[in-house]
Amino acid sequence: MNTFMKPALAAVLSAATLVAPAAVAPAAAQDNERVAFVNVQAVVANSSAFQTAQTQRQTTYASQLQQAETRRAAIQAQLTPLVQAFNTARSQPNADQASLQQQAAQIQQIQQNGQTELQQILAPVTLSQAYVEEQIRDQLGTAVQNAARAEGVTLVISPDTILHAESSHNLNEEVLAQLNTLIPSAQLVPPNGWLPAELRAQQEAAASAQPAAPAATGR
């Protein structure tokens, strides 16, 4: 999953977690509690909407993917002799350090420029991934809550810090089933001008930080 997904999924899981009351519950009530864990990223990655979008993307964005692969191969072909020459020069007994630094800088610059170029080519693909993931994420909290209620679970946690748990505590399949019901498929191509939630929030924050324009005064 890409970087848009990780912080947003954490927020969804936090919002969907069914937290026990702060006050200490009586022993009888605690005995009736059932704890379960959900691997959110695994559920999303295995959802019907995500898997279908992954397949559709190969066709819808075939030209961008092919262009990126062709350009990647060209960059690699450009870099290979430079790297070989650098390694040969470096292995010499009295290697010219200044020359080696220049060669290394050239290689690094080509790599950085190539990475930037590939990111630009694949930008529509990356945006599509973020768009699909956001649609799924919007339904994830409801899926967790529905699964928890259906299974009588009172506390849902992340598996990140679990050292041991019986399979009966795993709520992944139940959440996945709920998620597939809520969003069996997702729109693949984002509308014009669409931005991921994180970038929208940044834009809104920047806009709110701008000083208001002074009101016009009549003469």
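Buried means under 20% relative accessible area, exposed means over 50%, and partly exposed lies in between (1.4 Å probe, protein chains only). The model described here is predicted, so local features need pLDDT of at least 70 and side-chain atom pairs count only at pLDDT 80 or more, while totals for chains, interfaces and linings use all residues. Residues are numbered from 1 along each chain as its sequence is written, and side-chain values use heavy atoms, with hydrogens and water left out.

| Residue | Relative accessible area | Class |
|---|---|---|
| Tyrosine 131 | 11% | buried |
| Tryptophan 194 | 13% | buried |
| Asparagine 172 | 16% | buried |
| Glutamine 78 | 38% | partly exposed |

Tyrosine 131 and tryptophan 194 belong together. Rings of Phe, Tyr and Trp (its six-membered ring) pair if their centres lie within 6.5 Å; planes under 30 degrees apart count as stacked, over 60 as edge-to-face and the rest as tilted. The whole structure holds 1 aromatic pair. It is formed by tyrosine 131 and tryptophan 194, edge-to-face, with 4.9 Å centre to centre and 65 degrees between the planes. The pair links distant parts of the chain, 63 residues apart: tyrosine 131 sits in helix α7 (residues 123-151) and tryptophan 194 in the loop between α8 (172-182) and α9 (197-209). Helices here are DSSP runs (H or I, at least four residues), numbered from the N terminus.

Asparagine 172 is part of helix α8. Its side chain reaches the backbone nitrogen of asparagine 39 at 2.8 Å. Leaving aside residues up to four places away in sequence, asparagine 172 touches Phe37, Val38, Asn39 and Val43, where contact means heavy atoms within 4.5 Å.

Helix α4 (residues 48-60) and helix α5 (residues 62-90) pack at an angle of about 75 degrees, their axes 5 Å apart. Therefore α4 is roughly perpendicular to α5, a class that spans 65 to 115 degrees. Axes are lines fitted to C-alpha atoms, for helices over the stretch in contact, and angles run from 0 to 180 degrees between N-to-C directions. On the α4 side the contact is made by Arg57, Gln58, Thr59 and Thr60, and on the α5 side by Ala62, Gln64 and Leu65. These residues divide into 2 nonpolar, 4 polar and 1 charged.

Glutamine 78 also lies in helix α5. Its C-alpha atom is separated by 9.4 Å from that of isoleucine 107, 29 residues apart along the chain.

Terms used
Helix = DSSP H or I, 4+ residues; strand = E, 2+ residues; numbered from the N terminus. Parallel < 35°, antiparallel > 145°, perpendicular 65-115°, else oblique. Nonpolar A, V, L, I, M, F, W, Y, C, P; charged D, E, K, R; others polar. Polar contact = N/O pair within 3.5 Å; in protein donor to acceptor, adjacent residues only side chain to side chain.
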